[in-house]
Amino acid sequence: MTPAETRAASLDTDTLTVADPATRRNGVDGRGAAVAVPEPGVDRRSAADPSTATGGGSPGAGGESGGRRPWWASRRRRDLAAYALFLLAALWVTSQIWVDPAGRVASLYVSDPAQVQFFLAHSVRVVLHGEFPFYTDQFNYPDGVNLMANTAILALGIPMVPITLLFGPAVSFVVLITFALSGTAFAWYYVLSRHVVRSPLAAAVGGWFCGFSPAMLSHASWHPNIISQWLLPFIVWRVMVITRSTRPWRDGAILALLVVWQAFINEEILLFTAMACGIFLIAVVVQRPGMWKAAWRPLGKAVLTCTVVAGSLLAYPLYIQFAGPMAYHGLSSAVQDYGNDIAALFAQGSPTLGGDRRANVNLAPNYSEENAFFGWSLALISIGIVAWLRRELIVRALAATGAFFIILSLGERITWWDRELIPGPWELLVRLPLLDAVVPTRFGMITTVVIGILLAIAADRVRALKIADPRTRRTLAVSGLVLALLPVAPMPLKMTTRPPVPEFITADRWREYVGPDQTLVPIPVPSMGNTHGMRWAASTNLDFKIPGGYFLAPRNATTGDPGRFGGRPNGMGALLEEVSATGRTPKLDDRQRRRSLDELRYWRAAVLVLPLSQPNSEPLRQTVEQFAGPARQELDVWVWDVRPLTESRG
């Protein structure tokens with residue numbers, strides 16, 4: 001990147017450059033790009049490079065003599081210290097999972113971790129067996145699952161293949177969570193420290209909040225694809241670069257590669273990022289209309305290049321996603337209506353120091369979607385920062401962006417403590433293409449990033465306060481940060497034990513029964529509420545197929561229909577799910593027995609497996625025996641060899 005592009009990528013009150021008003025003045029070069037002009041007597045290299053702007057290289061500077069700089073004057077050492085801090089915080093947050101990755105899971109919902117582990121195992125098959133990456137019939141057999149429409153995290157799973165092979169998908173899952181949190185925090189610190197603020201401490205404050213906000217913590221137990229946001233600051237930075245680029249074709253291609261990479265992590269977060277960049281730039285141009293004159297040509301060229309390159313690379317995967325087998329269009333109305341309650345903006349998140357899970361009931365769709373929850377102190381301090389720095393263009397543009405997305409995050413009906421007030425603007429957008437597959441509460445994550453950047457800018461601007469006593473200035477800054485961040489400080493994620501994978505699976509005894517085009521049917525049948533069978537398959541790197549599972553698919557397996565959780569309805573699955581929940585053994589009639597056998601034949605079932613430790617295992621065994629015959633105990637499971645039944649017809 002050329003020096004002119006670096007200057008053009010930053011953000012200040014007159015252009016898209018952030019400069020410290022206490023130490024820098026702005027000029028304009030011949031192309032109209034922002035130029036940082038150092039103060040008289042200041043080394044030009046120091047003005048351009050924050051890592052050398054400490055004065056540590058001069059005798060006596062920073063309390064050192066003989067030209068020796070303190071350890072923190074080195075940018076590389078500061079970066080290593082920042083990442084070490086973020087990594088320690090991530091290990092603290094995930095500490096209860098690290099105790100036993102295979103035996104512990106989030107205490108409320110166990111389905112999403114099982115699904116992610118299944119996708120990690122699928123990545124192993126892609127690498128080792130050359131399987132098709134965007135679709136599989138290893139679960140929901142024989143209909144299969146469209147993986148492009150289910151966030152199969154290929155960009156995360158494929159790099160994790162060595163760990164998955166050596167230690168299993170459960171370990172890969174916790175590794176992903178740990179590095180997603182710390183990596184996102186460090187990525188924002190890196191971009192903020194290079195292109196937005198001069199103070200490394202201010203950048204660390206912003207990076208900390210972006211990586212460990214209540215929204216990130218709420219997803220951490222379940223959704224590593226959503227919290228793996230370490231590409232987003234670089235995407236945002238490259239978007240700012242192309243507004244004043246002198247090499248728009250090249251910069252557009254670089255942006256395209258980042259976009260493609262992020263698309264294979266999580267498309268929804270990529271869409272949010274694109275929308276946020278657009279809203280931010282619109283907010284800037286509305287305030288400074290003359291900037292559009294200099295920006296539209298390089299912006300247009302770069303966006304065209306990005307569209308062509310990214311579109312070419314993503315054309316086939318997106319075709320599979322929207323027109324391939326088991327593709328769906330839009331989400332169910334229940335998910336489309338997931339919105340934040342206004343009261344959630346001022347409450348603390350459940351996984352934070354000041355959080356109270358019971359107090360947050362009905363303020364978010366569920367505990368894995370607490371996408372606002374800033375707390376009163378942080379909400380008021382954020383408003384105060386905007387009021388204090390309202391003269392700065394970047395602050396006004398960030399405020400507009402954050403407000404826009406927090407309003408969208410309220411969903412179709414705006415509520416206060418679960419009482420509906422008025423229809424929300426999301427009601428007008430929810431049926432638009434692409435937006436019909438968005439979960440609106442997650443728009444709050446964009447506002448979270450905005451607040452993180454505002455905190456970094458405010459911490460940086462404290463140095464310019466006209467307070468004679470530096471100690472007083474530091475006290476005010478520290479007090480403000482403590483009030484803002486302490487109530488939302490991250491706490492270890494709450495975990496509970498989960499049943500181990502049966503020895504029948506781990507000892508490979510299942511191989512005596514199941515052929516390549518047959519299925520192993522876990523009892524209860526895998527579904528959104530019963531995902532242990534998916535973990536069994538994942539532990540073998542998907543060496544056997546299973547029916548059902550937890551995924552998004554079109555209703556009744558009709559490609560193009562709206563999405564729903566799970567495959568086509570099946571009577572046997574619903575029957576056994578009810579027995580598992582109630583513990584009551586029903587008496588099946590001939591019709592129910594015939595239907596169950598027909599479904600086993602449709603699945604090409606070879607063996608049914610019920611763990612002895614399964615809750616209500618005895619009623620489940622008695623129910624299955626009514627259509628599959630007597631069970632046989634083998635190791636730690638009940639087994640039904642149903643090949644004579646399923647191969648006897650069609």
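A residue counts as buried at under 20% relative accessible area, as exposed at over 50%, and as partly exposed in between, with a 1.4 Å probe and protein chains only. The model described here is predicted, with local features needing pLDDT of at least 70 and side-chain atom pairs pLDDT 80 or more, while totals for chains, interfaces and linings use all residues. Residues are numbered from 1 along each chain as its sequence is written, and side-chain values use heavy atoms, leaving out hydrogens and water.

Beyond its neighbours within four places in sequence, Ser 409 has contacts (heavy atoms within 4.5 Å) with Gly 339, Asn 340, Pro 440, Thr 441, Phe 443 and Gly 444.

Helix 14 (residues 267–287) has 21 residues, and its end C-alpha atoms are 31 Å apart, in agreement with the 30 Å that it should span at 1.5 Å a residue, where the expected span is 1.5 Å times one less than the number of residues. Its buried residues, among them Glu 268, Phe 272, Cys 277 and Phe 280, pack against helix 11 (224–227), helix 12 (232–242), helix 13 (248–263), helix 15 (291–323), helix 18 and helix 20 (444–461).

Definitions and conventions
Helix = DSSP H or I, 4+ residues; strand = E, 2+ residues; numbered from the N terminus.
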